[in-house]
Amino acid sequence: MNVKPLRTLQTALGLSGDAVDGHHGPITRALVKTTLQNSNPSASADWRSWNDERQAVLCLQLLAQRAGFTPGDLDGLWGPQTAYACDQLAY
């Protein structure tokens, strides 16, 4: 994920101000893991074994879905449906 989707994710996770920096740092990673653990999404596979970036994409997909957008399958993979849902979530 590049800077814009990361900022969208950080905002959707409740961060604000300087914390919305577009970097996949320790605060963002911790919030992603907490959100996923609390939600336990029905992903295409066990998300716990995925790397941090794929977990972040899954979290973004989940948050977009909760907001009423269609990110496609909750698979942690960046594709056109996820990109569109992310753009919609950003606005």
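H24 is partly exposed, with a relative accessible area of 24%; partly exposed covers the range between buried (under 20%) and exposed (over 50%), worked out with a 1.4 Å probe on protein chains only. This is a predicted model, so local features need pLDDT of at least 70 and side-chain atom pairs count only at pLDDT 80 or more, while totals for chains, interfaces and linings use all residues. Residues are numbered from 1 along each chain as its sequence is written, and side-chain values use heavy atoms, with hydrogens and water left out.

H24 sits in the loop between helix 1 and helix 2 (26-39). Helices here are DSSP runs (H or I, at least four residues), numbered from the N terminus. Skipping residues up to four places away in sequence, H24 touches L6, R29, D52, E53 and A56, where contact means heavy atoms within 4.5 Å. N2 is 22 residues away from H24 along the chain, yet their C-alpha atoms are separated by 9.4 Å.

Next up is how helix 1 and helix 3 pair. Their axes come within 10 Å and cross at roughly 60°; each axis is a line fitted to C-alpha atoms over the stretch in contact, and angles run from 0 to 180 degrees between N-to-C directions. Helix 1 and helix 3 are therefore oblique to each other, the label left over once angles under 35 degrees (roughly parallel), over 145 (roughly antiparallel) and 65 to 115 (roughly perpendicular) are taken out. On the helix 1 side, P5, T8, L9 and A12 do the touching, and they meet A56, C59, L60 and L63 of helix 3. Sorted by class, this contact has seven nonpolar, one polar and no charged residues. Nonpolar here takes in Ala, Val, Leu, Ile, Met, Phe, Trp, Tyr, Cys and Pro, charged takes in Asp, Glu, Lys and Arg, and the others, Gly among them, are polar.

T8 of helix 1 is buried, at a relative accessible area of 9%. Leaving out neighbours within four places in sequence, T8 is in contact with L60, C86, L89 and A90.

That leads on to helix 4 (residues 80-90), whose buried residues are T82, A85 and C86. These cover an arc of only 105° around the axis, which puts them on the same side of helix 4; the arc is taken from the directions from the helix axis to the C-beta atoms. Helix 1 (3-12) and helix 3 (52-66) are among what covers these buried residues. On the face turned away from the buried side, helix 4 carries the exposed residues P80 and Y84.

Notes. Helices (H or I, at least four residues) and strands (E, at least two) are DSSP runs, numbered from the N terminus.
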